[in-house]
Amino acid sequence: MFRRDIDRPDIQAFAYTAFGSLTGAVYVLLRVVDAPAARRFLGALSLATVADLEPATLVEATQCAITAAGLRALGLTDAVVQRFDPEFVEGMAGDPNRSLRLGDTGANAPERWAWGAGEREPHVVVMLFAAPARLGDLERATREAAEHSGLAVIASLPTTDMGDVEPFGFADGVSQPTFDWRQARTPGTKADRAFTNRIALGEILLGYYNEYGFPADSPKLAPGEANAALLVPAAGAAREHDLGRNGSYLVFRQLAQDVRGFWRWIAEDAARAGADPQALAEAMVGRRMNGEPLPDFETGLDLPGVDPADRGVNGFLFDADPDGLSCPIGAHVRRANPRTGDAPPGARGAIDNLLATLGLTTRRQRDPTSSTLPWEKNTTVWPYLRHEDDAIASARFHRILRRGREYGTKIDRAAALDPSTPDPEAGLQFICLNANIARQFEFVQGAWLATAKFAGLTGEQDPLVGNRAPFPAPPLSETPQRTDSFSRPGAEPCFRRATAMPQFVTVKGGAYFFMPGLAALKWIASL
């Protein structure tokens, strides 16, 4: 049963399901040429909603989202567009400082993108899902309808069903937050001192309560504005109408993965130290290739929001591995979701809770010279072990709902290492939903993945998606640090730090979209 306050017929189904049974998908990027005709096209779209998912089984589904530039091109006044989140209004490629924070510099720079900037910035994305045998006809019909309705096709971005495995060969989509569709969650209680995987619905849908206990910010219309009555009334005494309710901000990034380069560098660095190549790759990702946690973790924990059937792969915390002996602190999955609560690990008493509330908690400072573990005695190798438990923000304020799919040609590790194998074009059509771009996607990307200072580390970015740019970038520093290292505290001494790591993932395009509720889309079409 869904909560009574959820307007299921108004919410695009993508917020609730990834359409996993529909293994074919394509994303059609469009630009507005004729605004009235384009509005009619959008108004005529038959979009799958959350209400369509029970009990029906969909054989195909269409979803859509619009950029800030697209809203303007469709006829929204700038005064209305400015009521959306500023990050959405500026756009992913609209600010050089944003590009720097996201790691979109060098090979990732927007001027190098195939789409997403300048005249290649999309106004609308229509997302199509179906069985592979039906997808081609659905795509052709959608493109033809769009091109006859005042829209130009920039690109159709394909996907490939790789069987829940991403191009590097690792199980994908293993961990996702659980949102409170069924029972309203009360955030900020004592239970949130520890990690929770159950997240407030207002973290992905505008107009619902978020993890701060407030309704997620949403653009509103005054009662006298054109056709405002088509929208649901907003909460409060101002008699406004809610343009954003039941909508979500959709982040889209096309990420090309250098599969051959990844496995060749792994093989070369493992050979240098006489180590196991797969063990290095798994340490960089932070999971086994089959998705299981790395060894020595206590799994099967009963964590809020983790399905009992998934406790073997998701019922664990990093509290038991504070120094990254099993899962390195800089591993991809540990950066993307540190599994932190509001209080530092081990802080469970009344005094600890009070100190956490006041922001006065710090972790004990370990003295490597007094440790009985030989790897801890060398402070020149592991100076960063003197980090604080609260150096990483509470995860519940920064979760995103991932909805991406792989694309291109799948090859295994043996083929990647074979010099005769052609370079495959492969990667991820990364899509995520969130209600606050700055606090969720941009925080995860900038403060946890792209940064060289995550959790007190130095000299290393995310081992998979980092761009290896020096930090701080010139001209901010005359002596910037390299960021092409990766640390493994639990490895043998000769294999604890890998260096000269190249870039494995390159951004090929990207944009911020607003995925509206159906009432909001009807209002846009009515202008």
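This is a predicted model: local features need pLDDT of at least 70, side-chain atom pairs count only at pLDDT 80 or more; totals for chains, interfaces and linings use all residues.
R334 touches C327, along with F318, D321, P322, G324, P328, I329 and F454, leaving aside residues up to four places away in sequence. R334 sits in helix α10, which runs over residues 332-336. With a relative accessible area of 8%, R334 counts as buried because the cut-off is under 20%.

Now for the nonpolar interior. In soluble globular proteins, nonpolar side chains tend to be buried together. Here the largest nonpolar core has 82 residues, and L30, F88, F262, W263 and M284 touch the most other members. Helix α7 (residues 259-273) gives the most to this core, with 6 residues. A second, separate core has 38 residues, including M127, I154, L201 and Y208.

Zoom in on F88 and you'll see what it touches: I66, T67, A68, L71, Y249, I437, Y512, F513 and F514, again not counting residues up to four places away in sequence.

Last stop, helix α14, which spans residues 518-525. Its buried residues are A519, A520, L521, W523 and I524. What do the buried residues of α14 pack against? Their partners are the helices α1 (35-44), α2 (68-73) and α3 (78-81), plus the strands β2 (60-66) and β7 (220-221).

Notes
Residues are numbered from 1 along each chain as its sequence is written. Side-chain values use heavy atoms; hydrogens and water are left out. Buried means under 20% relative accessible area, exposed over 50%, partly exposed in between (1.4 Å probe, protein chains only). Helices (H or I, at least four residues) and strands (E, at least two) are DSSP runs, numbered from the N terminus. Contact means heavy atoms within 4.5 Å. A nonpolar core is a set of buried Ala, Val, Leu, Ile, Met, Phe, Trp, Tyr and Cys residues joined through side-chain atoms within 4.5 Å.
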